[in-house]
Amino acid sequence: MILTLAFVLTCGRVSAGEHWSAEDGDTLWHDKKRIQLLGFDAPKLSQACFDAAGKIWPCGKYARDHIQHLIASGDVSCIVEGKDGYNDDLGVCFVAGIDLGRDLVKHGLAVADTRYLAEEQEARIAKRNLWAESVSKRR
């Protein structure tokens, strides 16, 4: 049997003493502590994607900006589920009850890996953002 321990990191609105920021679509910083968000993979910050018309758009920047907008809108809380090889926290974070990973995948700005599969399917069907590109442009 595997026992999973989790703890909740809760912080109030961003203030001079507390600062949350998004490094990219799946990495948050809380002051000097990095938190890798679980369950999805967002484009790298410098990554570009093709839209349905074959036009390039900065999908990595859009994913980062989407998360940054959410974390700036309210209290951030995270359920930390472990550590990665760099001793960074791994977890799921929320703002005002919104699961950041679920929201990003639902808006077509990330690909589900272990969670959020229904949200990815919804985004694919609706052809949102990453899923809007033509099949011929995908690798």
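Tutor: Cys 49 and Cys 59 form a disulfide (a pair of cysteine sulfur atoms within 2.5 Å), with S to S at 2.0 Å. This is a predicted model, where local features need pLDDT of at least 70, side-chain atom pairs count only at pLDDT 80 or more, and totals for chains, interfaces and linings use all residues. Residues are numbered from 1 along each chain as its sequence is written, and side-chain values use heavy atoms, leaving out hydrogens and water.

Student: What does the Cys 49 and Cys 59 pair tie together?
Tutor: Cys 49 lies in strand E6 (residues 49–50) and Cys 59 in helix H1 (residues 59–71), so the bond ties parts 10 residues apart in sequence. Helices (H or I, at least four residues) and strands (E, at least two) are DSSP runs, numbered from the N terminus.

Student: Which handedness does the link of Cys 49 and Cys 59 have?
Tutor: Right-handed, with 60° about the S-S bond.

Student: Are Cys 49 and Cys 59 buried or exposed?
Tutor: Both are buried. Buried means under 20% relative accessible area, exposed over 50%, partly exposed in between (1.4 Å probe, protein chains only).

Student: How many disulfides does the structure hold?
Tutor: Two. The other entry joins Cys 78 to Cys 93, S to S 2.0 Å. Its link is right-handed, at 105° about the S-S bond. Cys 78 sits in strand E8 (residues 76–83) and Cys 93 in strand E9 (residues 89–95), so parts 15 residues apart in sequence are tied.

Student: New topic. How many helices and strands are in the protein?
Tutor: Three helices and 11 strands.
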